[in-house]
Amino acid sequence: MTSKCFHCDEAIPSGINLFVTINHTAQIMCCVGCQAVAQTIVDNGLTQYYAVRTEPAHKSQPLVPEQLQKHKLLDEAVLQSEFVFQGDSQDKENKEAILSIDGISCAACAWLIEMKLGTLTGLLSINVNATSQRATVKWRDSAIKLSAILLAIENIGYQALPFKANDAELNNKKQSKDFIKRLGISGILLMQIMMIAFGLYFGAFTDMAEHNKVYLRWVSFILATPIISYGALPFYTGAIKALKAKRLSMDVPVSIAIILAFTASAWATITQQGEVYFESVAMFTFLLLIGKFLEFRARSRAAQVSANLLKLMPMTATKVITVSNNVDTQSKEVLVAAKQLIKGDIVIIKPGEVVPADGVITSGDSQLNEAMLSGEQLPISKTINDSVFAGTLNGDGNITVQVKQAANQSFLSQLIRLSEEAQAHKPKIAQLSDKIAQYFVALILLTSIATAIYWQQHMPEEAFWITLSVLVATCPCALSLATPTALTCATTRLNRAGIMVKGGHVMETMPKINCFAFDKTGTLTTGEFTIDKVELIDNDSNLTGSNYSQEQVLAIAAALEAYSEHPIAKPFTEHRDYSLTAQQVKVHSGQGVSGTIDKINYAIGKLSWLKESAQLEHSQAKPLSGTSCLLMANKQIIAAFYLVDKIREQAFETISSLNKQSKTLLLSGDSQIACDNLALTLPINTVLGGLSAQDKMQQIKSAQEQGFKVAMIGDGVNDSPVFGAAHVSIAMGCGADITKSGADAILLNNKLSNINILIEVSRRTRRIVIQNYLWAFGYNAIVLPLAVTGYITPYMAVIGMSASSILVISNSLRLLKE
């Protein structure tokens, strides 16, 4: 029997003896190409590809470049389902993914990647976050493949792979170990060099023969070489990447300074002429490394929160499958990888287990801890038909859940993705500073050349070290770190409080908001209505109402409201009679629902809409003005429903706080009487009821024309068009999905008090960004003339440059404090 290749399923030629170990089993390969691809799959931890593939892989082509061959696997739909977010049915061609990028050393690297990849055809956008070393990439799949994007990043000197929490943590640990190793080697060798240098400086070896002094110089040269070659390697690689792309980064002047100082000392040692400063360049490099390491640690701390969220996802899930035999059909529990779950799967979640996917409870009840999503530590009771979310912790009950979203579409995955987008957004001031930083590096180099020429003529023995100080002291690292570190820390702080920021402009716009517009139902109130009273209406012209009982009108209303997502529809659910089927149903946004049942035209909704559509007489409508909604049959009102709602906790405190500095509006589709009743409890400045979605938009535009910056807070489907008109839109976490997709921020725990937290954090972020820029610009403005005039030594230059970057990061980390 002829053996077949495990990778491509083709026959193995005679004489070929190639194997790859996959999941602890040696698998035979037909050629070097298949062996290379299979080994790449193993090396990247993607062996699950072989378990879930539906057909053998294509035979590898040896002419495909090695790098492209390596990334080509990530174009497979099976693998992409784990980390790629795809648009809806109308926009399936657009894809989005978060990439981990290795090799980013400063904000200039992020700028470089964005500029170079921005020219690729089919790439819709790329936002690189230098703080977390991750990039959010959007592309049109028909125009460009993910493998081509990864190869383009690799071609400019960086390594990119799909972001995975565990891989990111391992990569951070590896980078940390590399830094510690470089620091350890450089520190030990530096101590030896400094012992020799101190002895020479203080005259301990003044009686020593000249050839012994030369010997000690050579020892210093040998000891300094690993520091300059290995310890300073990160600065060289960063500079080379920038120069290859024909750009200037912060690593360029630093690398020039190190190389010049070491080369001059080495030349003096070889020719035995002039002074050597191996201890200076070694100390210089060591201090730079310490600064780089502290910066790395601070960046890692700021970036670890979103990675930790993804780590909450369980590896496995207990799936219920149906097994049929000749006699009967039985259900069986099997353990599967959580990321293999698809929509419609049934899973069992036992006490203490983590929910593996978004879904709806089909049986059982329990208490779930959703602190990782909402920041609320108290467990929430859940029962049949309630939604559960991936990553939340099941309490003391057994529940069976029907999966509604695949792993990469889960609420948790979207939270990570949207947070990354918000962190990567660059305000106008940050875009300006990036441009300034580029020109500033060129200015440093030109200033250094001019400084060297001047001092060479006036004080040749000091010219070299003064030039060195200019190159290092004025490096604009702090300038480029000012915004990204602050935005990352602010987004992290908001996520902890249960606030998800989606729009990149929120942190920039929120401090300017001076008018807050609220929807009523589901926003200022809980939206959990109960039917307080049902009134049957008799009409003089046609005694339609007398033909209906209370049970009948409730069942008719429930059949119509089944098509609506408005909170008012929910209390009718328990009265649903499935023998009644509504046809030709039309949902009128913010107004009501109409349809046909048993050939009779029904409509349920607000009085103002029914008056317009049914041409009701004023005498019929007047006594019904206090109701929540009315039911109409063949243009005659047959029933009135009185619903009651509960005001949210902290609504009074929140609005009272907002009124101190801003204007508050209530824009509701409910009746004016209901809104006025609410205003008796809550201190809202302006109360407007009976508004359609268009009316709400007009009110917001009117406020904007008066000079107000408006934020809209809502939750219903009819709020979606209004969100687009506001400067900032905020959705309640319980709101409909269409609203969440259109909102700039989401209050995941439904706490209105979080609006004040959002305002406070955004204002603190603005202050800290301004402080960072003032420090960065002020430091360079003071240091540059001092360095040029020779008042700053290389030691002071290194300490100053490192301290300025660390100060900016530390200042941003203050945002993490509650």
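Which residue in β29 is the bridge partner of methionine 732? In β29, that partner is leucine 747, and the strands around this position are described below.

## Basis of the model

This is a predicted model, in which local features need pLDDT of at least 70 and side-chain atom pairs count only at pLDDT 80 or more, while totals for chains, interfaces and linings use all residues. Residues are numbered from 1 along each chain as its sequence is written, and side-chain values use heavy atoms, with hydrogens and water left out.

## Overall composition

The protein has 28 helices and 29 strands, taken as DSSP runs numbered from the N terminus (H or I over at least four residues for helices, E over at least two for strands). Of its 818 residues, 53% count as buried, where buried means under 20% relative accessible area, exposed means over 50%, and partly exposed lies in between, with a 1.4 Å probe and protein chains only. Among contacts (heavy atoms within 4.5 Å) between residues at least 6 apart in sequence, 66% join residues at least 24 apart.

Strand β28 (residues 728–732) is mostly covered, with 5 of its 5 residues buried. Val728, Ile730 and Met732 point one way from the strand, whereas Ser729 and Ala731 point the other way, and all are buried.

Strands are said to pair if DSSP finds at least two bridges between them. Strand β27 (residues 710–714) pairs with β28 in the parallel sense over 4 bridges, and isoleucine 713 has isoleucine 730 as its bridge partner in β28. Strand β29 (residues 745–747) also runs parallel to β28, to which it is joined by 3 bridges.

## The largest nonpolar core

A nonpolar core is a set of buried Ala, Val, Leu, Ile, Met, Phe, Trp, Tyr and Cys residues joined through side-chain atoms within 4.5 Å. The largest one has 49 residues, and those with the most contacts inside it are Met510, Phe516, Phe518, Leu524, Ile730, Ile755 and Leu758. Helix α16 (residues 477–496) gives the most to this core, with 9 residues. Methionine 510, leaving out residues up to four places away in sequence, touches Phe516, Val728, Ile730, Leu758, Ile759 and Ser762. A second, separate core of 47 residues includes Val252, Val276, Met283 and Phe284.

## Packing of α22 against α27

Helix α22 (residues 651–659) and helix α27 (residues 754–788) pack at an angle of about 35 degrees, with their axes 9 Å apart; axes are lines fitted to C-alpha atoms, for helices over the stretch in contact, and angles run from 0 to 180 degrees between N-to-C directions. Thr654, Ser657 and Leu658 in α22 meet Ile755, Asn756 and Ile759 in α27.

An open sheet of 6 strands has the order β9-β8-β10-β16-β11-β14, with antiparallel pairing. Strands β9 (329–337) and β14 (387–388) stand at its edges, each with a single partner strand, so one side of each is left without a neighbour in the sheet. Within the sheet, strand β10 (residues 346–349) and strand β16 (residues 399–403) run antiparallel and are joined by 4 bridges, and glutamine 402 in β16 is the bridge partner of isoleucine 346.

Threonine 318 is found in strand β8 (residues 316–324), and it counts as buried because its relative accessibility is 11%. Leaving aside neighbours within four places in sequence, threonine 318 is in contact with Glu333, Val334, Leu335, Ile346, Val347 and Ile348.
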